[in-house]
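Visitor: Hi! Could you walk me through this one?
Guide: Gladly, let's open it up.

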Amino acid sequence: HSADAHRTDLMTITRFVLNEQSKHPESRGDFTILLSHIVLGCKFVCSAVSKAGLAKLIGLAGETNVQGEEQKKLDVLSNDVFIKALISSGRTCILVSEEDEEATFVEPSNRGKYCVVFDPLDGSSNIDCGVSIGTIFGIYMVDGHDPTIEDVLQPGKNMLAAGYCMYGSSCTLVLSTGTGVNGFTLDPSLGEFILTHPDIKIPKKGKIYSVNEGNAKNWDGPTTKYVEKCKFPKDGSSPKSLRYIGSMVADVHRTLLYGGIFLYPGDKKSPNGKLRVLYEVFPMSFLMEQAGGQAFTGKIRALDLVPKKLHERSPIFLGSYDDVEEIKALYAAEA
Ligand code: AHM
Ligand code: MG
């Protein structure tokens, strides 16, 4: 009976990726091993995030660390775990983390062909109030030469894979290896990510916009016009709802599932916006395109950007195809 099959035939993320990679037998094992080390990092952060609240409670009750040591901040701790997990996978050569000024070059003895760019714990200002936070990652490949920094200063369209893990009411990992987008939920009793959201497609048009409106005073013309249109549509359609968590993974996850648009525009104070190209803008843009949406910088397709610096920033508008089309038209009219 098929209902029984659903309950007993568990599609773990490892099994899923092994199946998916069967078209590339040469790198199948390597990619799966790399991914399993990323998954380990995500599981660690997931468990650390849920205990972080508990540590706070203990602190409030007046208990302090015996040595008086300051606890490592969660974002620093998460970074250490990811760096070590990625190096020990033996499948990486360059690592770029939001937490580290410089890229990490893996020693030749441990080296593999993948470059991983990541933000180990994005949205960390949300940790103390229990709001969802996440890890974002993108993967490039170096083939047949000694790795240099140029191997990661590549446009996002050259990524092999991208994903994020959201530490929310459940722990959800969303991944694309370039053939669509799939979502997996951590089953804590099994310690496994199980396929729960197969082949995610973003609605063609959405009813939600997501932006930090506190910056409106400094916005440029097209962004101002767009948000005005969301609130006071002139074509007889209903106004859009506003949802803004301030945690990119959570805001993008909602956008992916419900549709709509997420904006972090440039403004007079920060012409390049806030979000970082390599490990925030690119992976999320990659996922959006793979789900049938779009990602735009205000000038070009986001995945066409060629970063010049590791921690470069860019304005970003991403989400449902039709909604991004509208903002593109407003920027084109301005140019
Ligand atoms: P962080 O890397 O310091 O955590 O900042 C990134 C976060 C994103 O998760 C989120 O989209 C954005 O900052 C929110 O910024 P703002 O508070 O300016 O609206
Ligand atoms: Mg960040």
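**Strand pairing and beyond**

Guide: Let's start in the sheet: I261 stands opposite G319 in β13. Keep in mind that this is a predicted model.

Visitor: Okay, and in which sense do β11 and β13 pair?
Guide: Strand β13, residues 316-319, pairs with β11 in the antiparallel sense, over four bridges.

Visitor: What about β9 and β11, parallel or antiparallel?
Guide: Those two pair in the parallel sense over two bridges, with β9 covering residues 208-210. Y209 has I261 of β11 as its bridge partner.

Visitor: Switching topic, which residues are around ligand 1?
Guide: The shell is made up of E98, D122, G123, S124, S125, N212, G246, S247, M248, D251 and K274.

Visitor: How does that shell split by class?
Guide: Around ligand 1 there are six polar, four charged and one nonpolar residue.

Visitor: Now helix α4. What span should its 15 residues have?
Guide: At 1.5 Å a residue, α4 (residues 74-88) should span 21 Å, and the C-alpha atoms at its ends are 21 Å apart, so the two values agree.

Visitor: And which residues in α4 are buried?
Guide: The buried ones are L74, S78, N79, F82, I83, A85 and L86.

Definitions and conventions: Residues are numbered from 1 along each chain as its sequence is written. Chains are lettered from A and ligands numbered from 1 in the order in which they are written. This is a predicted model: local features need pLDDT of at least 70, side-chain atom pairs count only at pLDDT 80 or more; totals for chains, interfaces and linings use all residues. A residue is near a molecule or strand if its C-beta atom, placed from the backbone, lies within 6 Å of it. Ala, Val, Leu, Ile, Met, Phe, Trp, Tyr, Cys and Pro count as nonpolar, Asp, Glu, Lys and Arg as charged, and the others, Gly among them, as polar. The expected span of a helix is 1.5 Å times one less than its number of residues. A residue is buried if 20 or more other C-beta atoms lie within 10 Å of its own, exposed if 12 or fewer, and partly exposed in between; C-beta atoms are placed from the backbone. Two strands pair if DSSP finds at least two bridges between them.
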